[in-house]
Amino acid sequence: MSEPDDARRAQIAAHLQQVRERIGAACRSASRDPGEVTLIAVTKTWPASDAAHAYALGVRDLGENKDQEAAPKVAEVGPRSGLRWHFVGQLQTNKARSVATYADVVHAVDRERLARALSAGAERAGRTLEVLVQVNLEAVEHEPAPQSAQSARGGASGQQALALAAYAAGLPGLRVAGVMAVAPRQCDPRAAFDALHAVHLRLLAEHPGARIMSAGMSGDLEHAVAAGATHLRVGTALFGPRSPVLR
Ligand SMILES: *Cc1c(COP(=O)(O)O)cnc(C)c1O
């Protein structure tokens, strides 16, 4: 390995240790086992070599959010034992066929049409995709104060997510694996993630295999752990700030 590569790996290793310490501390505060929390290293905008460093450092879950960037990167990293690729961003229906060839988990399934396109892509590729239904926490936040425990459990956006999960569960090539959300800006992330957790529990009651609650990024992962997240999607805290040009 060349020297700049060694320096980059050392930098990612140091960041990874910091992130693992944050997760550990959040788990201790919440009396949770860190073994229940999977760290997804979001490599978007960073080269395949950074994904390879993360893998070499023990990370087994990598995330991307744009097909045109992810497809060549996944190919460059190549198959590796235990490696899982997560597609974490908004996904256009016309990219679903490509994503279905390499993603193991698709996080932001937010409409039936996308679920159908992923199902068709998975069938075509002879694969099974795990899908997470996206819960719109913006809508949860803006719903009127809940009148009962029942309506407190995620509200209308939660109902929509459950209906979408039921739809996706009936499609070949897909396995409903849980829920995902991004905390809206300008709101209390803990309250938002608590609302997501309520939807997570309802989905789990209907689909026992839907064990994933994907929430929490570099800036709010402690809140996500406190609310019960099983998967954290972390980019900046591991790889550094992304170029604003690239997002
Ligand atoms: C980029 C991205 C992340 C990672 O965000 P950071 O703040 O860099 O940790 C998480 N989730 C999604 C959906 C993303 O697009």
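Q: What is the distance from the side chain of R233 to a nitrogen atom of the ligand?
A: In this predicted model, an N or O atom in the R233 side chain lies 2.9 Å from a nitrogen atom of the ligand. A polar contact is a pair of N or O atoms within 3.5 Å; within protein, one must be able to donate a hydrogen and the other to accept it, and residues adjacent in sequence count only if both atoms are side-chain atoms.

Q: And how far are the side chains of T236 and R242 from an oxygen atom of the ligand?
A: For T236, a polar side-chain atom is 2.5 Å from an oxygen atom of the ligand. For R242, an N or O atom of the side chain is 2.7 Å from an oxygen atom of the ligand.

Q: How much of the ligand does the protein bury?
A: The protein buries 88% of the 390 Å² that the ligand exposes when taken alone. These areas come from the Shrake-Rupley method with a 1.4 Å probe; for residues, only the protein chains shown count as cover.

Q: Which residues surround it?
A: The ligand is surrounded by K44, N65, V88, M217, S218, R233, V234, G235, T236 and R242, where a residue is near if one of its heavy atoms lies within 4 Å.

Q: What are the ground rules for numbering and confidence here?
A: Residues are numbered from 1 along each chain as its sequence is written, and side-chain values use heavy atoms, with hydrogens and water left out. As this is a predicted model, local features need pLDDT of at least 70 and side-chain atom pairs count only at pLDDT 80 or more, while totals for chains, interfaces and linings use all residues.

Q: What is the mean pLDDT, and which element has the lowest?
A: The mean pLDDT of the protein is 93, and 91% of its residues reach 70 or more; pLDDT is the predictor's confidence in each residue, from 0 to 100. Where pLDDT is low, the predicted coordinates should not be read in detail.

Q: Moving to α3, which residues are buried?
A: In helix α3 (residues 67–77), D67, E69, A70, K73, V74 and V77 are buried, meaning under 20% relative accessible area, with exposed over 50% and partly exposed in between (1.4 Å probe, protein chains only). Seen down the axis of α3, these residues fall within an arc of 150 degrees, so they line one face of the helix. The arc is that of the directions from the helix axis to the C-beta atoms.

Q: What covers them, and what is on the other side?
A: The cover includes α2 (48–56), β2 (61–64), β3 (84–87) and α4 (96–102). On the other side of α3, Q68, A75 and E76 are exposed.

Q: Is L203 buried or exposed?
A: L203 is buried, with a relative accessible area of 0%. L203 belongs to helix α9 (residues 189–206). Leaving aside neighbours within four places in sequence, L203 is in contact (heavy atoms within 4.5 Å) with V133, L162, A165, V176, G178, V179 and A210.

Q: What about phi at S31 and Q186?
A: S31 has a positive phi near 50 degrees and Q186 one of about 55 degrees; neither is a glycine. Most residues other than glycine have a negative phi. S31 counts as exposed at 70% relative accessibility, and Q186 at 82%.

Note on methods
Helix = DSSP H or I, 4+ residues; strand = E, 2+ residues; numbered from the N terminus.
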